[in-house]
Each structure stands twice: as C-alpha cells, then as structure tokens.
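Me: Please take a close look at the loops of this structure and at their backbone geometry. I would then like to see them set against the rest of the model.

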Amino acid sequence: MADIESLLKEKRSFKPSAEFVKNANWNKRTVDEYRKLGAKNPERFWAKMAKENVSWFTPWKKVLQWKPPAAKWFVGGKLNVSYNCLDRHLVGENAWRRNKAAIIWEGEPGDTRVLTFGELHREVCKFANVLKGLGVKKGNRIALYMPMIPELAIATLACTRIGAIHSVVFGGFSAEALRDRIEDAGAHVVVTADGGYRKGVPHALKPAVDEAVAGLDVVEHVVVVKRTGEEVAWESARDHWWHDLMQEASAKCAPAKLDSEHPLFILYTSGTTGKPKGILHTTGGYLTHVTTTAKALFDLNETDTYWCTADIGWITGHSYVIYGILANGVTSLMYEGVPTHPAPDRFWDIIERHRVSIFYTAPTAIRTFVRLGDEHPQKHDLSSLRLLGSVGEPINPEAWMWYHRIIGGRRCPIVDTWWQTETGGIMITPLPAATETKPGSATLPFPGIDADVYTEEGVPANPPDGGFLVIKKPWPGMLRGIWGDPERFKETYWSKYENTYFAGDGAHRDSKGYFWIMGRIDDVMNISGHRIGTMEVESALVSNVKVAESAVVGRPDEITGTAIVAFVTPKGGVTSNDDLARELREHVAKHIGAIARPADIRFTDALPKTRSGKIMRRLLRDIASGKETVGDTSTLEDYSVIARLREADEG
Ligand code: WTA
C-alpha cells in the first residue's frame, strides 16, 4: 500500500512530441479508432491486424474459437513464421530488402557480423535441411542452449520453417535445469555452442550439455557451433559440428504450410511449484500479436536500427529480438555479452557506432547505469535514438526520469511495456504518438486487449484501490497451455476467476484508467527481470545434505529489484558459518543457475509456522527487508522464532 501511495503522488506526465506525432505509424486518430474497434469487436480488430501484418498461404475460416480456457485463433488459416520473417522480404515490392541488414550482431570481444535478409534466409534454409537430415519432423522438439550469436536466431527460424517446436533454454541455466527441460519437452536434438563470451572470458556451454544429456536416451543428436574455440569433449556418434553439417546442406527449403494453431515453441518459466512450466505458443495468433505490437508501439520504420538487449533465452528475445522485428522487415541488433565489458559505456558505444534508433531494455539495467554514473552515456553521441522501451519489472519513477533525460535526451518517448512469457506479446503499453506517459505507469492496454484490476471477489477494484491484474477476453498471443500439464494450466491461470486470465501480478488503476503494476503477488520473485520461484530455490537448498529445511523470500534491492533471501535450518550437528553459506549459494547456482544464487543466507534453528504447519512467508519477508513485523501473528506456532531470527539478523 505504501508503494501505491507513493506512486499516486507521481504528477509528472509527458505528451508525445509534435515531431513524433507527425511521422508515427499509428497516430492518435488511428489509435482512437483501433481502441474503439478493439473494445467493441476485438475479433474484428485482430482479424484486420492479421490481414495487414501477416502473410497467409490459406486464409482462416474463423477468427476465434473460444472454449475457455482453450482458444484457437485464425482457425483453418495456414502460414509459416520463417516465411513471414524472411521470404516475404525478398519478393515483390520489398525485394530490395534482400541486401538490407536483418541482423547486426556484435560479439563481446568486439567482432561483428551482419546478416542481410537474403543471407539469413539462406542460412535458415540450410539449417532447416540440417535438421531434416538429422531426422527432425514436424512437431518434434528441439532444445537450443546457446550464447547470443546469430546461429541462435538461425536455429529458431529453421525450426519454424519445418514446423519443429523449439525450446530455448537460457545459457545461464545449469546442466540440471537444462536436463529437466530437455526431458520434459522430449527433445531429440540439442543445439549448443562450445561457449560464448561473458565478462571478457569464454563461458563454456558444451560441458553443461554433456552433463545434461548423459544417460538421457531421448537425445540423439547434439549440434555444436564453434564460437570460442575452446576444447570440448566429443561423443562422435552423437555430436556434430554446426559448420560441418552446414557445409553440405542445400540452401533450398520450402517453408512448411502450417496450421495457424501449430505449436511454434515451448519456453519454460518459473511458477509457484518447484517444477518450471513449459509455456506453449502457437503460430498464427502469436505472430499477429508480436508483429502488430512491434510495428505500433516501437513505431518501426524501414530505416530503423532496433536494439532489444534481452537474451533470446527469454520471451522478450523471442518476440522482440526475432519474430516481431524481422516480420516487419526491420534490422535487429544482437549483442552477445554483458553491458559493462570492457568498460561501463559498452551499451552507449554500441548505440553510437550502429546508430541505434530504438532501444528496449530492462529497469535493472537502467538502475545499474544510474549507479555507474552519467559520464558513461555522456561520452557518446546518442542522437540517433528516437524511442526507448522498458520491460520485465516495474520501473521506478526515478529510473524512468534518468532514462528520459540522460539516454533519451528528453526527446524520446518511453514505452513501459507490461507482459509475460504467457501473454506472448505486449499487453499494456503506451502508444508513442498517442499516449501521454507517466513515469512508473505502463499506461493502457493495447487495443483489442481487455485488461482490468479485480478484487478478491472478482469485481473491478475501485480506483485507486489495488487488486489482481486480469485479462478478461482471449487474445491472439496467449499461451495455449503448459506442455504436458493441462490441469496445471487451468489451475494456475483460470481457476481464480471464471473464464478470466489471472496474471499473478498486483496492480491498480488511477483516475485516468492508467495501470500501475505492483509486481508479483504469488511465490514468484522477479530478480533483474527474471522469474524465479521461491519453491525452486527451496528445493535446491533442501537437496543439499546439510540442510533440514528452508524458506526463501524476496527483499527489495536497489539494482536487481528483488534479491533472494534464504532462511535455512541446518541438520543437527552441522555448523552454520560463512563457509556453509558460501557452499549453499553455490549449490543453488549449480542446481538452477547463477541468477538464482541467494544474496543472503540466514541460518535459523526453526522457521516461523502457523499451527497447520505453513511457513509464514509474510513475516519472513518483513524480516528480510528489515521491516517491523506487523499484522496478525496469532496463528504463529512459536513466537520466539521471530525474536531469534531478528537476533540473527542483528548479529
Ligand atoms: C513483470 C517478461 C511491471 C511482471 C516480458 C510479470 C513487469 C513478469 C513489466 C513477467 C512492466 C514485466 N512493469 N512489471 N512493464 N513487464 N513485468 O514472463 O511481474 O519473464 O508478471 O516476461 O514480469 O515476466 P516474464
């Protein structure tokens, strides 16, 4: 509530500049018209978008078939995503794009590669043939565990070309996390690299794949891109070099004519249980959603150089590094490494050298740059920028203002975009030529999206009261399910309110109807914009022989938004000291990945529980963030536990 109150005091607002309004893809009139149409008849609105922004081999028969919670969009339509991202830029009035940059890539060591639409098309066709040669058929799953190199984009597009389903696993995940995901999806083929560059040194990936697939019968082939040249172990019956296979592959591969509802990809995300969910997206609706939103809210133009800093291992990289951008025929910049290598101005240097015009990043990164100091961006000419975006977490007004002043030179609109792995594309966002922005607010739903804030009882909350963020009507990019777990799909998203999607975020609206997103209200933490379930970290901790019990909560952190705090009860006879804390932090990193490594480990001989045995997380959250314990503790099993935890804190 305190957060809501402080945000409500935010009075600054920013109107779109005349310059921007004049040239925008969607001006205020268009936006007004689409908002009206989207509210009155969302199916008609999305059908119009699908026709205008996507190429179909066969038109659909029915726009939407909605049997809650199962949605089918553009039923009977046939298309191909790689055709939309590539082939259509090589023919007809767009044929000149053949030699336009599709991907401008920069490696962390400073090496660069540019792939034109023509070249990317060729590489994608070749890799699609490689996959076919390995026996991959329509509907098979392919796991991609790769650094941010062009081959990752090539591999995703090659899958879509033949109707294989990709499952990209972020390169920062551990061997165990990778293994779980390969197994759950039943992937026969894994594509990886020897490694990539991070913080100036090679970060190996192949050893993690070796460990992950050892004894996993399902995996028949591992394709390895040579990136770092470091030595790798080799299993000759299973492993293949990318360059060897590509050398022999034909560059001719017709795009498969796929059903609109054909599965496009699975992407795992954390939930409230220990097991990650395989979020399933399909073809026609997803492509319509991401292509339309990208064109409208990034105001994509023919001459733009667009840069989204997200890793392709996350949904943002899928939708707005690859699909939504390339489908619009726009140049997408891809960067391999960390923002601060070799110096804290790497991002600004990239923007200056490549004349980036649209820049999309996360609040965590922005807060890091604020701390690093203004001199780094100020060393560079950032005048090529004309629009800025933010995604992944609530952006605090001060970070927003810094972004606006120091990076945007007060002239660039900022689009603060709310969405999720599950929503496929952006849902709540300013439209840069039409929406007055307020620092900290994602403003209004995209046309055709029916979002609201509900009370516990399922009625719209009275502004400015807080509540639960919901989506009341199906939308084209929505998830179609959780891979292999239809019950969990229903239970997680569709059981709190009838026929209404429950997002898991808290929010409130102001008197203008603007949305202010308050963050997760379930047991999912948002660490630097990445979702980590408290249960996942807890199960990793208790898998250590020295741990009896643990409870994990998030506490606010100035840079990462949330930091992980683990309360741990060691087994009898185990000494709890700094060495054990270090060991446990590494243990979690090994089980899940470095992003899940707890910031603090606090040892305690008991956890506060209710009489029914539930851990009182609210109390732990208060302790972790140093707040006084407030609220009802009458159900607390053992009052003294709290006092002892506090002592541990002070000591
Ligand atoms: C949070 C990332 C506030 C939110 C695209 C959501 C945001 C979760 C915003 C999804 C935003 C994302 N303002 N919070 N603009 N964007 N979130 O699946 O809690 O990695 O539920 O998708 O990030 O994270 P995911």
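Reply: Helices (H or I, at least four residues) and strands (E, at least two) are DSSP runs, numbered from the N terminus. This is a predicted model, in which local features need pLDDT of at least 70 and side-chain atom pairs count only at pLDDT 80 or more, whereas totals for chains, interfaces and linings use all residues. Residues are numbered from 1 along each chain as its sequence is written, and side-chain values use heavy atoms, with hydrogens and water left out.

Two loops hold a cis peptide bond. In the loop between strand E1 (62–67) and strand E2 (70–75) lies Pro69, and the bond that joins Pro68 to Pro69 is cis, with omega near 0°. Pro464 belongs to the loop between E21 and strand E22 (466–471); the bond from Pro463 to Pro464 is likewise cis, with omega near 5°. Most residues other than glycine have a negative phi, and most peptide bonds are trans.

Phi is positive at Arg410, about 60°, although this residue is not a glycine. Arg410 sits in the loop between helix H16 (397–407) and E20. With a relative accessible area of 58%, Arg410 is exposed (over 50%; buried is under 20% and partly exposed in between, with a 1.4 Å probe and protein chains only). Thr443 also has a positive phi without being glycine, near 65°, and is placed in the loop between E20 and E21. Thr443 counts as buried because its relative accessibility is 0%.

The loop between E20 and strand E21 (451–454) also holds Thr435, which is buried at 5% relative accessibility. Beyond four places in sequence, Thr435 is in contact (heavy atoms within 4.5 Å) with Phe14, Pro16, Arg35, Pro430, Thr443 and Tyr514. The Thr435 side chain also reaches the backbone nitrogen of Leu431 at 2.8 Å.

E20 leads on to the ligand. Strand E20 (414–417), helix H12 (315–326) and strand E25 (515–520) each supply at least two residues of the shell around the ligand. That shell has 17 residues (near means a heavy atom within 4 Å), and the closest are Asp416, Thr417, Thr421, Asp505 and Arg531. An N or O atom in the side chain of Arg520 lies 2.9 Å from an oxygen atom of the ligand.

Asp210, in helix H9 (residues 206–213), is buried at 18% relative accessibility. Its side chain makes a polar contact with that of Lys206 at 2.8 Å (a pair of N or O atoms within 3.5 Å; within protein, one must be able to donate a hydrogen and the other to accept it, and residues adjacent in sequence count only if both atoms are side-chain atoms). Arg585, in helix H19 (residues 578–591), is partly exposed at 26% relative accessibility. Not counting residues up to four places away, Arg585 touches Arg597, Pro598, Ala599 and Ile601. The C-alpha atoms of Arg585 and Trp516 are 34 Å apart, and the two residues are separated by 69 residues along the chain.
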